[in-house]
Amino acid sequence: MDNNQIPNMDYNADEVINEFKEKIKWPKGEEVEAVVKPDKVPLRVLISLLITLVGGGIAYYMMLPALNIHDTQFYLFIVLLVAIFIASFAFVCKANKKVERKEYVKKKSLVPLIIVGVVLAVMAVGWLTGITLFRAGSYSQLMTIEDGNFETDFESISYDKVPRVDAERAYTLADQQLGSLSEYKSQYVVSANSTQINYKNTPVRVSYLEYADVFKWVNNTKNGLPAYMITDLVTQKVTAINCVEQFGEGIKYSPTELFNEKLIRHLRFQYPTMLLDTPNFEIDDDQHPYWITAALDKTIGLFGGTDVKGVIITDALNGESQYYDIEQVRTDASLNWIDVVYSESLLIEQYNYYGKLQNGFWNSIIFQNDVNVASVGSGNIAMNDDVWVYTGVTSSESDASNFGFILCNQRTKETKYYQNAGAMESAAQKSAADAVQNYGYSATFPILLGIDDNPTYFMSLYGASNTVKGYAFVSLEDKTVVGTGLLDVAKSDARALNSALESYIDALKEKGVADDVDKNDVIVDTDKIDSADNNSDTQTPGKEPAPSADGNKVTGEVTDIKSSVNDGNTVYYLQIDGKYYYIKVTDAMEVLLINKGDTVTVEFEKSDDTFIPAKSVTR
């Protein structure tokens, strides 16, 4: 090979790198001999403004600040705009290449920097004028507390009508039901964010779907989310509502969307100046899906005293929104279907301000006279066709007991205090779990009930499979008074519920608390409970096939599934038309694939019992 064809490799890499650094380096101030004004300054300013406009537009699209002096994001957005302008002006003036231009840009940046300083000063003053140190009285008045009457307020709440599963268990049930629907399988997942509402006087949780991943979004976003899930918290039935079939279109606006259909971005473009809380997914009495978004206000200083001033109702299908003042939401009967306006966190925050600061800031720190706070954890109670947040009230030193509890209406913010002292919720959960410790079950967060005027915690017991295994009642006043009922023992959900209540009443009598209680006045007929469980209003019209019996064969929808291990054999119990048909897994492997809502055919031995041995099960 001719050596003349070989390229010359004789160069110093360090020299090349240093030469490159010299070209792009920012000049040092001491190198400046004169400050020279660039030519065409107005044009350079215009170009900088255009760059700022583009960069600011992108930043606004991502940050979505409210154009409101009460939003801290708004101030940060202004600072970001100033930073973009200064950087772009320095770039178009070539301040990184010419020493004299650098000093010119530094001098002309004084005004933008003053703007940043003013912005930060306003934020500091706004924060100081709204801190609890100076405004304790205002914070303590954010919430009005009324005294409630336990006997009258809880009289209408029956233990067989309260939620038997919490949010986590409801999510598990909805996720299982989605897995059985082949048309949605692999494309969507159930959102972990659900909303507890009262649907036709029944406590339910409604959950929207999310795209399984970004590729599923690309494949399905044109038509939107096709359905949502309703989980009956009493019967534990889950129904998928097909929006395309029922309303002619899918859910086009949701948190799982991207770009302009993303819910919070859609709302920001509609209401650019409003402070928005996290939207809640709800349905009206016709099962039409909506997003309920609280419009917030800062009532103390610039950033303190968060409260709700109105509600934005957004049609989840077409994105149309309507704003209503909070007073109209509270009083307009046509809006009573809305259940969640005030979030649990906001209600508890406002109560804690009331409990801590009603006697001044320094009292909350030093003397702590009459200082109290909400206990750890909260639950929901359906009462008067509204959803109420329940939480205990304890001292600021976190005593082992509550000296009362509060109920807060999530639609109206009506708050009631009940001076019923007793065990904390966590202590009641532990007592319930200890009563069945040989099974290793845990207890859900308790719901407070009145059992013959005795304040009582009600809890569901669940195992490792995250499914309900039984129920427990624990006395508020004495956590050692416990009654439990297990599904594996009672062989029926209704019987387990009543068994727990019967044992609880017996425990009350042993303590001499309820000597005159007649079980017949408290226990609900199991047939009525089963009837209610099998005729839930949340079932989609026309979707539930009527069971049909043919000799020793029955075909119908599986409304409940339970399992147990007997002598080392796993046995499945399928509820059809109010009766349970049971079979070993080894005799019918297909039973492992059956989910609630499936239609199956069961061959069985003739029997009039509630539990009937099956010979075969086919889908």
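Visitor: Which residues form the negative surface patch in this structure?

Guide: In this predicted model, the negative surface patch consists of Glu151, Glu155, Asp452, Asp453 and Asp516.

Visitor: Where does glutamate 155 lie, and is glutamate 155 buried or exposed?

Guide: Glutamate 155 sits in the loop between helix H7 (150–153) and helix H8 (167–179). Its relative accessibility is 66%, so glutamate 155 counts as exposed. The cut-off for that word is over 50%.

Visitor: Which residues make the nonpolar surface patch?

Guide: Trp127, Leu128, Leu133, Phe134, Trp362, Ile365, Ile366 and Phe367 make a nonpolar surface patch of about 920 Å². Two or more of these residues come from each of helix H5 (110–128), helix H6 (132–140) and helix H14 (361–367).

Visitor: Which element gives the most to the nonpolar patch?

Guide: That is H14, with 4 residues. Phenylalanine 367 is placed in helix H14, and because its relative accessibility is 59%, phenylalanine 367 counts as exposed.

Visitor: How should I read a salt bridge, and how many does the structure hold?

Guide: The general idea is that side chains of opposite charge can pair when their charged atoms come close. Here the structure holds 12 salt bridges. One of them joins the side chains of lysine 413 and aspartate 307, at 3.2 Å from N to O.

Visitor: Are lysine 413 and aspartate 307 buried or exposed?

Guide: Lysine 413 counts as buried, at 11% relative accessibility. Aspartate 307 is buried as well, with a relative accessible area of 13%. The cut-off for buried is under 20%.

Visitor: Which residue forms a salt bridge with arginine 411?

Guide: Aspartate 386 does, and the closest N and O atoms of the pair are 3.0 Å apart. This pair links distant parts of the chain: aspartate 386 belongs to strand E13 (residues 386–395), and arginine 411 to the loop between E15 and E16, 25 residues apart. Aspartate 386 counts as buried at 6% relative accessibility. Arginine 411 is buried too, with a relative accessible area of 8%.

Visitor: What separates aspartate 434 and lysine 430 in helix H15?

Guide: They are 4 residues apart in helix H15 (residues 425–435), which means a separation of about one helical turn. Aspartate 434 counts as partly exposed at 37% relative accessibility, whereas lysine 430 counts as exposed at 54%.

Visitor: Which residues are linked in a network of salt bridges?

Guide: The network links Asp153, Glu414 and Lys416.

Visitor: What about disulfides: how many does the count come to?

Guide: A disulfide is a covalent bond between the sulfur atoms of two cysteines. To be counted, a pair of cysteine sulfur atoms must lie within 2.5 Å. By this rule the count comes to 0 disulfides.

Visitor: Are cysteine 243 and cysteine 408 buried or exposed?

Guide: Cysteine 243 is buried, with a relative accessible area of 0%. Cysteine 408 counts as buried at 2% relative accessibility.

Visitor: Which residues have a positive phi although they are not glycine?

Guide: Lysine 200 is one of them, with phi near 55°. Its place is the loop between strand E2 (188–199) and strand E3 (202–211). Lysine 200 is partly exposed, with a relative accessible area of 41%. Aspartate 385 also has a positive phi, of about 60°. Aspartate 385 is in the loop between strand E12 (379–383) and E13, and counts as partly exposed at 37% relative accessibility.

Visitor: How should I read alanine 496 and glycine 485, and what separates their C-alpha atoms?

Guide: The two residues are 11 apart along the chain, and their C-alpha atoms are separated by 4.5 Å. Alanine 496 is in helix H17 (residues 493–510). Alanine 496 is buried, with a relative accessible area of 0%.

Methods:
Residues numbered from 1 in each chain as written. Predicted model: local features only at pLDDT ≥ 70, side-chain atom pairs only at ≥ 80, totals over all residues. Heavy atoms only, no water. Patch = residues over 30% accessible without salt bridge, like charges linked within 9 Å, V, L, I, M, F, W, Y side chains within 5 Å. Areas by Shrake-Rupley, 256 points an atom, 1.4 Å probe, with all protein chains shown as cover. Salt bridge = Lys/Arg side-chain N within 4 Å of Asp/Glu carboxyl O. Buried < 20%, exposed > 50% of the residue type's maximum accessible area, 1.4 Å probe, protein only. Lys, Arg positive; Asp, Glu negative; His and termini not counted. Charge placed at Lys NZ, Arg CZ, Asp CG, Glu CD.
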